[in-house]
Amino acid sequence: QVQLAESGGGLVQPGGSLKLSCTASGTGFRANAMGWYRQAPGKEREVVASITYGGSTNYADSVKGRFTISRDNAENTVYLQMNSLKPEDTAVYYCTAGRPYSARVGNYWGKGTLVTVSS
């Protein structure tokens, strides 16, 4: 099993920055890919970014150039640095991880952290 705990959400003004963190624990966490999804009110959950254990990254087109995903393998932690935030980035952000040694995510989920972009 893998447990994921997110932190770092909050209220930020448009154009501002915020950094999310997610730490994984559990016996099932070994070289798992990790990532972030988000779900805005009234919308479906969508992928934001993902990163493999080796550091290969993928981003949704809507966040390319503004968001950066990174990870600290020694700490089992993934980060999402969000810059130039827009009101449409408002959502609950969920951390996700895949199975051990897989490049895919989506098998384990955190409870989510709310990001609100508003003036």
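## Salt bridges around R38

E46 and R38 form a salt bridge in which the closest N and O atoms are 2.8 Å apart. This is a predicted model. E46 has a relative accessibility of 36%, so E46 counts as partly exposed. R38, in contrast, has a relative accessible area of 6% and is therefore buried, the limit for that class being under 20%.

R38 also forms a salt bridge with D89, and here the closest N and O atoms lie 2.9 Å apart. This second pair links distant parts of the chain: R38 belongs to strand β4, D89 belongs to the loop between β8 and β9, and 51 residues separate them. D89 counts as buried because its relative accessibility is 0%. Through shared partners, salt bridges join R38, E46, R66 and D89 into one network.

## Other salt bridges

In total the structure holds 4 salt bridges. One of them pairs K64 with D61, with 3.2 Å between the closest N and O atoms. Both K64 and D61 are exposed. Side chains of opposite charge can pair when their charged atoms come close.

## The four-stranded sheet

Strands β1, β3, β8 and β7, in that order, make up an open sheet of 4 strands with antiparallel pairing. The edge positions are taken by β1 (residues 3-7) and β7 (residues 67-72); each has a single partner strand, so one side of each has no neighbour in the sheet. From one strand to the next, the twist averages 15°. Strands of a sheet pair through backbone hydrogen bonds, either parallel or antiparallel.

The antiparallel strands β1 and β3 (residues 18-25) are joined by 5 bridges. Across this pair, L4 stands opposite A24 in β3, and A5 stands opposite T23 in β3. On the other pairing of β3, 6 bridges join β3 to β8, again in antiparallel fashion. There L20 stands opposite L80 in β8.

## The nonpolar core

The largest nonpolar core contains 29 residues, and L4, M34, W36, L80, M82 and Y93 have the most contacts inside it. Two or more residues of this core come from each of β3, β4 (residues 34-39), β5 (residues 46-51), β7, β8 (residues 77-82), β9 (residues 91-97) and β11 (residues 113-117). In soluble globular proteins, nonpolar side chains tend to be buried together.

With residues up to four places away left out, its contacts are E6, L20, W36, Y37, R38, V48, F67, L80, M82, G112, T113 and V115.

## T96 in strand β9

T96 is found in strand β9. Its relative accessibility is 0%, so T96 counts as buried. A polar atom of the T96 side chain lies 3.0 Å from the backbone oxygen of Y108.

Beyond four places in sequence, T96 touches L4, A33, M34, G35, W36, Y37, V105, G106, N107, Y108 and W109. Among them, L4, M34 and W36 are core residues listed with the most contacts.

## V12 in strand β2

V12 lies in strand β2 (residues 10-12). With a relative accessibility of 11%, V12 counts as buried, since the limit is under 20%. Not counting residues up to four places away in sequence, V12 touches S17, L85, T116, V117 and S118. V12 and R38 are separated by 26 residues in sequence and by 16 Å in space, C-alpha to C-alpha.

P100 lies in the loop between β9 and β10 (residues 108-109). Its relative accessible area is 27%, so P100 is partly exposed. In sequence P100 and G28 are 72 residues apart, while their C-alpha atoms are 6.8 Å apart in space. P100 is in contact with G28, R30, A31 and N32, leaving aside its neighbours within four places in sequence.

Key: Residues numbered from 1 in each chain as written. Predicted model: local features only at pLDDT ≥ 70, side-chain atom pairs only at ≥ 80, totals over all residues. Heavy atoms only, no water. Pairing = 2+ DSSP bridges. Axes fitted to C-alpha atoms, helices over the stretch in contact; angles between N-to-C directions. Core = buried A, V, L, I, M, F, W, Y, C linked by side-chain atoms within 4.5 Å. Buried < 20%, exposed > 50% of the residue type's maximum accessible area, 1.4 Å probe, protein only. Contact = heavy atoms within 4.5 Å. Polar contact = N/O pair within 3.5 Å; in protein donor to acceptor, adjacent residues only side chain to side chain. Salt bridge = Lys/Arg side-chain N within 4 Å of Asp/Glu carboxyl O.
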